[in-house]
Amino acid sequence: GKSPEDVVRRYMQKVKNPPDEDCTICMERLISSSGYDGVLNLKGVKPELVGRLSKCSHMYHLLCLVAMYNNGNKDGSLQCPTCKAIYGEKTGTQPPGKMEYHVIPHSLPGYPEFKTIRIVYDIPAGLQGVEHPNQGKKFTARGFPRHCYLPDNEKGRKILKLLIVAWDRRLIFTIGTSNTTGETDTVVWNEIHHKTEFGSNLTGHGYADPNYLDNVLAELSAQGVMEDCIKD
């Protein structure tokens with residue numbers, strides 16, 4: 001259990017002479033104290049301390065980064081609010097369930113020469129945990145098991161492997177408000193689009209869609225799930 005301050009310090013370097021620019025977290029100038037001064041008190045942390053994130057070089061008050069980290073799901077990872085670069089391994093709040101997959105001997109529209117990978121996600125209803133919007137309250141899980149489809153070609157198989165990583169990191173579903181029904185406290189998709197229609201495209205969640213495979217690779221990448229995450 002690293003403290004939030006330890007996590008933030010791991011990904012940043014101290015800046016001696018910060019520029020006269022806004023900290024985009026608190027909107028105060030980097031040369032003055034953090035807007036969280038007095039709201040968040042950390043022993044030995046000066047409110048004017050500024051850090052530069054190591055990969056992307058964006059600068060924020062240390063106190064602001066800690067406040068932002070505290071507001072997330074505190075999994076040891078940090079995401080730059082400006083460019084979305086991920087530090088550490090981002091995990092989500094997907095409730096428990098199971099993911100299965102198999103190949104079926106049929107082709108998707110647009111991929112006539114390939115069989116099809118069918119993924120089946122199943123998540124039962126349950127009680128929300130500390131990481132969810134309403135701890136201790138029941139959540140619903142509508143429309144499970146959900147079936148999703150990928151072409152059984154090289155790119156499709158790569159995406160399947162990345163989706164398995166995303167599932168293990170609890171990034172595929174979350175608990176929130178349904179876009180379609182407005183129901184709250186229910187299991188919803190989380191920013192990684194899936195194709196749930198097999199032979200048709202009545203909803204826009206089917207094939208043919210020539211850009212889908214590249215789009216979903218980009219969405220996985222935005223969650224920190226890339227090729228170097230695949231364990232063969």
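**Contacts between side chains**

Modeller: Glu5 and Arg9 are separated by about one helical turn, because they stand 4 residues apart in helix α1 (residues 4-10). Helices are DSSP runs of H or I with at least four residues, strands are runs of E with at least two, and both are numbered from the N terminus. The model is predicted: local features need pLDDT of at least 70, side-chain atom pairs count only at pLDDT 80 or more, and totals for chains, interfaces and linings use all residues. Residues are numbered from 1 along each chain as its sequence is written, and side-chain values use heavy atoms, with hydrogens and water left out.

Biologist: What makes the contact of Glu5 and Arg9 a salt bridge?

Modeller: A salt bridge requires a side-chain nitrogen of Lys or Arg within 4 Å of a carboxyl oxygen of Asp or Glu. For Glu5 and Arg9 the N to O distance is 2.7 Å, so the contact qualifies.

Biologist: Why does Glu5 count as buried?

Modeller: Buried means under 20% relative accessible area, exposed over 50%, and partly exposed in between (1.4 Å probe, protein chains only). Glu5 has 17%, so it is buried, whereas Arg9, with 32%, is partly exposed.

Biologist: Why is the pair of Tyr121 and Trp189 called edge-to-face?

Modeller: Rings of Phe, Tyr and Trp (its six-membered ring) pair if their centres lie within 6.5 Å; planes under 30 degrees apart count as stacked, over 60 as edge-to-face and the rest as tilted. The centres of Tyr121 and Trp189 are 6.0 Å apart and the planes stand at 80°, so the pair is edge-to-face. Tyr121 is in strand β7 (residues 116-122) and Trp189 in strand β12 (residues 186-189), so the pair ties together parts 68 residues apart in sequence.

Biologist: What makes Arg146 a charge over the ring of Phe144?

Modeller: NZ of Lys or CZ of Arg must be within 6 Å of the ring centre and within 35 degrees of the ring normal. Arg146 lies over the face of Phe144, at 4.3 Å from the ring centre. Phe144 also belongs to a cluster linked by ring pairs, with Tyr121, Trp167, Phe173 and Trp189.
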